[in-house]
Amino acid sequence: MNDNNDSPTLAAAVAGAAAADRRDFLKLVGAAGLVSAAGAVPEKAQAFAYEPYPTDDQLTTVGTSCAHNCGSRHMLVAHKQGDVIVRLSTDDGRYQKGGFFGKDTEAEPQLRACLRGRSYRSRLYSPERLLYPMLRVGERGSGQFKRVSWDEALDFVARKMTQLKRDYGPTALLDQSYAGASYGVLHKSDQIEGLLGRFLGMFGCRTNSWSVPSYQGTTFSSRITFGTIEDGNEDDAFAHSKLIIMWGWNPAYTFHGGNTFYYMRLAKQRGCKFVLVDPQYTDSAAVYDAWWIPIKPNTDAAMMAGMAHTIFSEKLQDQAFIDKFVLGMDRRTMPKEHAGAENFKDYILGKTDGVPKTAEWAAAICGVSAADIRKLARLYATTKPAALKASWAPGRASYGEQYNRMAAALQAMTGNIGKLGGSAEGVGKAWHSESTAYPYDDNANIWFGSIKSDRWAHCVLNYPNVKREEVGLWPRDDELDGRIPNIKGIFWQGSDWFNQLTNINKEIEAIRKLELVVCMDATITPSGLWADVLLPIATHFERHDVALPWYKGHYYIHRPKVIEPLGESKTDFQVFTELAYRLEALAPGDAKLKDFGPRYNPRATRDYFKNEVSDQVDEAYLVAWWKKVQDHQGVTMSWADFKKHGVYKFTFKQPLVAFRDQIEKGEPFETGSGKIEIFSPYLAGITDWTKTQYGYPIPAIPKWIEPFESLNHPKAKQFPFHLITPHPRERTHSIYHNIPWLRETCTQEVTINASDAKRLGLQTGDTVEVFNDRGRCVVPVYVTERVLPGVAVLYEGAWMDRDANGVDRAGNPDFLTLDEPSPAGAFAYNTILVDIRRTDLAHKPGWDQLGTARSAVFRRDY
Ligand SMILES: Nc1nc2c(c(=O)[nH]1)N[C@H]1C(S)=C(S)[C@@H](COP(=O)(O)OP(=O)(O)OC[C@H]3O[C@@H](n4cnc5c(=O)[nH]c(N)nc54)[C@H](O)[C@@H]3O)O[C@H]1N2
Ligand SMILES: Nc1nc2c(c(=O)[nH]1)N[C@H]1C(S)=C(S)[C@@H](COP(=O)(O)OP(=O)(O)OC[C@H]3O[C@@H](n4cnc5c(=O)[nH]c(N)nc54)[C@H](O)[C@@H]3O)O[C@H]1N2
Ligand code: SF4
Ligand SMILES: [Mo]
């Protein structure tokens with residue numbers, strides 16, 4: 001056993017830091033990062049790890065980008081001494097030869113990093129950095145691991161994989177890769193294009209997780225209505241709006257693009273009006289002086305139906321637009337084959353069910369006054385162009401798909417689609433990038449079973465007595481159709497899903513039944529603590545890649561290898577390649593695994609596991625990828641120049657607007673009818689819903705459907721708060737939870753209205769328990785007028801920290817969420833009834849004492 005206490009490692013350095021003050025702490029961490037890479041403590045490292053900071057001319061600078069699934073993508077500039085990043089700064093034009101950026105103009109705004117990105121150094125050199133492979137020695141979830149060699153760890157994984165596939169068949173391994181690394185072209189995690197999906201698929205054992213937590217309801221809506229999720233305008237189009245309705249959208253916190261806020265500020269300066277429909281008065285609303293319309297969570301589709309009623313009854317709709325571009329909005333736009341079916345207008349006017357969806361009807365459901373519903377409907381229908389930005393959070397709910405479809409109906413009936421300053425979002429993807437540098441071929445995304453992602457625990461716990469509709473089994477046209485996956489192992493790559501999916505207590509029950517849990521990550525994570533094997537992965541500073549923006553942006557950022565991988569870290573691609581060679585060797589008679597290694601990573605030999613070899617191979621992949629960019633995207637810049645410039649940004653004559661060509665040039669939409677399908681012939685044609693991935697019926701037109709739980713539900717008598725769980729400003733989901741610099745700025749707390757606090761006798765700072773029949777969390781309370789009474793807000797992503805009684809002391813709302821997805825697959829993350837009571841239990845913020853305590857995983861000797 002390696003005696004971690006005696007070796008000069010990062011963990012050892014940090015062990016002494018627990019009681020030290022912050023400056024000393026950073027000194028130790030900064031120095032230790034170098035120690036672990038180099039094996040000794042050069043005096044210089046100590047000298048520059050703390051103030052006085054060296055000046056720029058004493059350091060080298062390397063332009064790169066920030067990473068992860070954060071809603072954006074910005075430039076970072078690493079200032080280095082030797083192989084240590086001493087500080088990080090961002091785009092201000094100084095560090096790029098050629099000066100593509102830094103102009104801070106409407107045409108070329110800077111790609112300026114937020115505080116999360118700028119604090120990355122403390123994540124890179126964090127005490128919780130995983131530096132070498134580890135194997136579990138205690139019970140699963142006990143957090144007891146021992147350090148092992150790569151050889152030992154990979155041998156264990158390869159043997160176990162071989163056994164599980166042999167004993168349980170091709171669905172035994174569940175792919176829970178997600179977007180932690182999905183925005184690079186070479187080192188990629190995600191369910192569709194990712195490295196893990198390709199690896200498990202080629203191995204012949206993979207259950208896929210098909211629904212995305214972010215916006216599955218929205219995806220469904222965009223696909224059904226427009227035939228594509230690319231319904232987004234580029235950010236700069238916002239600058240041309242006269243009215244922006246932020247519907248469940250808080251771009252001040254939750255980025256959906258690199259420069260959204262910059263362009264919205266331009267719109268404001270040009271006289272644009274802003275509206276916010278949200279249970280909470282957000283900082284975005286404060287900044288733009290928006291008209292705040294507080295709404296009961298998950299009742300958005302009802303309010304929108306009320307708006308549609310006003311628009312139809314006051315004849316404010318753009319009938320010419322509807323007649324030309326829309327299917328099923330009213331009787332005359334219904335497809336002939338479905339002429340007798342219910343159309344949207346008849347539903348809204350109550351002609352089919354006898355219930356007119358008037359503003360008064362909606363008001364009784366959503367809590368917004370009928371007068372305000374009418375006022376907003378008129379404002380939206382008469383202000384041109386107007387952007388109704390229907391964000392994802394209200395759709396991250398039961399029947400969330402109906403909210404997004406209803407929004408699309410409003411966007412269509414007001415003729416705001418395909419117009420500059422309007423909006424069809426939706427998913428809002430604006431860019432189709434050249435997204436993979438490794439082969440994206442027949443071997444990508446092979447699966448033998450595919451389920452709704454948050455049904456895995458349900459599937460494991462109830463196997464084989466599970467109906468296909470319960471798990472949203474994706475249909476196949478072969479003998480595997482209908483077979484419930486027999487899941488025995490999980491891989492987490494670029495994902496902290498154990499912490500981030502729904503109903504964690506149910507997940508805990510399920511994970512105990514598994515035989516293999518592998519976590520590949522750069523740090524110890526809450527998921528990792530439940531794994532059998534921890535594999536240390538190099539961060540984006542420690543490998544060569546190109547960064548992709550999120551859904552908007554039209555640029556690439558070069559990501560050179562800034563420093564050598566810390567400790568024994570390897571890239572995901574190195575790990576999968578080496579495993580492929582090992583799996584092939586373990587099954588010499590299996591023709592399907594012949595040449596698995598070279599087929600998986602065709603530019604490499606088995607030497608790829610050596611960093612000096614992988615560096616060369618990665619460069620070759622990226623050069624070939626750049627050639628694709630040149631061929632497919634009309635780029636003339638050379639790879640060498642791109643590397644010098646750091647950023648390549650596409651330029652356009654006019655802002656990019658989704659569906660402009662459909663509206664201006666009459667091109668067909670990508671739907672079956674070529675029109676915007678408010679009535680969906682596809683949905684109308686489904687007879688057996690159990691044979692679809694949805695499992696349960698979905699109406700052919702957008703409709704209001706009561707959510708599983710809401711303030712209008714009888715269960716609200718027992719659990720009187722509707723909890724919503726938006727995305728945090730100080731974290732990217734769970735990433736950065738342990739970073740003191742960021743956590744000092746924001747407390748993990750539950751926000752409630754002052755009237756509720758008064759009733760419960762609570763004040764800001766009091767510790768409360770937020771609970772329901774699924775779980776319990778302990779957090780401080782924050783009391784404000786900025787949230788609707790009856791609503792509680794608890795941001796997602798806190799690192800779970802269960803006590804002996806199963807109470808989460810960190811305040812992770814996924815102990816309270818329901819693992820019952822909406823028919824279209826939307827996670828019900830914002831559909832939660834809870835109660836709140838004062839508690840004597842302590843909240844554990846998880847970033848100071850606890851951060852270093854948790855890193856003890858590296859120091860114990862088992
Ligand atoms: N209650 C509630 N829960 C939610 C949500 C909500 O709204 N409410 N939102 C959901 C949504 S939309 C999302 S997208 C999910 C996010 O869920 P996750 O994707 O699980 O969240 P992250 O915290 O981003 O975790 C990504 C992990 O990837 C690791 N990682 C980063 N880069 C690499 C790499 O190159 N290789 C490897 N192997 N690992 C890497 C990071 O260290 C991190 O641990 O959370 C969901 N959870
Ligand atoms: N800082 C930061 N930015 C991020 C992320 C992050 O973790 N941190 N994650 C990224 C990812 S993966 C995603 S999926 C996106 C998510 O992007 P969004 O879904 O747009 O963001 P959220 O923060 O979940 O919620 C936005 C707003 O919706 C409101 N809301 C919640 N429920 C309801 C409802 O029922 N009705 C109405 N009308 N409003 C409601 C919340 O109060 C909040 O103000 O953000 C991306 N950007
Ligand atoms: S918005 Fe995202 S990419 Fe940009 S700096 Fe912040 S964390 Fe990094
Ligand atoms: Mo997401």
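This is a predicted model: local features need pLDDT of at least 70, side-chain atom pairs count only at pLDDT 80 or more; totals for chains, interfaces and linings use all residues.
Residues are numbered from 1 along each chain as its sequence is written, chains are lettered from A and ligands numbered from 1 in the order in which they are written, and side-chain values use heavy atoms, with hydrogens and water left out.

The chain is assigned domain 1 (134–213 + 442–543 + 564–602), domain 2 (216–426) and domain 3 (714–861), the bounds coming from an automatic or database domain assignment. The centres of domain 1 and domain 2, taken over C-alpha atoms, lie 39 Å apart.

Helices (H or I, at least four residues) and strands (E, at least two) are DSSP runs, numbered from the N terminus. Axes are lines fitted to C-alpha atoms, for helices over the stretch in contact, and angles run from 0 to 180 degrees between N-to-C directions. Angles under 35 degrees count as roughly parallel, over 145 as roughly antiparallel, 65 to 115 as roughly perpendicular and the rest as oblique. Contact means heavy atoms within 4.5 Å. For residue classes, Ala, Val, Leu, Ile, Met, Phe, Trp, Tyr, Cys and Pro count as nonpolar, Asp, Glu, Lys and Arg as charged, and the others, Gly among them, as polar.

Helix 7 (residues 195–203) packs against helix 6 (residues 150–168), with axes that come within 12 Å and cross at roughly 55 degrees. Helix 6 is therefore oblique to helix 7. Met161, Thr162 and Lys165 in helix 6 meet Phe199, Leu200 and Phe203 in helix 7, a contact with 4 nonpolar, 1 polar and 1 charged residues. The axes of helix 7 and helix 21 (residues 572–586) come within 10 Å and cross at roughly 5 degrees, so helix 7 is roughly parallel to helix 21. Here Leu195, Leu196, Phe199 and Phe203 of helix 7 face Asp572, Phe573, Phe576, Leu579, Ala580 and Leu583 of helix 21 in the contact, which divides into 9 nonpolar, no polar and 1 charged.

Helix 11 (residues 300–313) and helix 16 (residues 400–413) have axes 8 Å apart at an angle of about 20 degrees, so helix 11 is roughly parallel to helix 16. Among the residues in this contact are Met304, Met307 and Ile311 of helix 11 and Tyr403, Met406 and Leu410 of helix 16. By class, the contact of helix 11 with helix 16 has 12 nonpolar, 1 polar and 1 charged residues.

Most residues other than glycine have a negative phi, and most peptide bonds are trans. The peptide bond from glutamate 425 to glycine 426 is cis, with omega near -5 degrees; glycine 426 is in the loop between helix 16 and strand 13 (449–451). The bond from tyrosine 463 to proline 464 is also cis, with omega near 0 degrees, and proline 464 lies in the loop between helix 17 (456–462) and helix 18 (468–471). Aspartate 289, not a glycine, has a positive phi of about 50 degrees and is placed in the loop between helix 10 (283–288) and strand 10 (291–293).

The residues around ligand 3 (a heavy atom within 4 Å) are Cys66, Cys70, Ser72, Arg73, His74, Ala113, Cys114, Arg116, Gly117 and Phe255. This shell around ligand 3 comprises 5 nonpolar, 3 polar and 2 charged residues.
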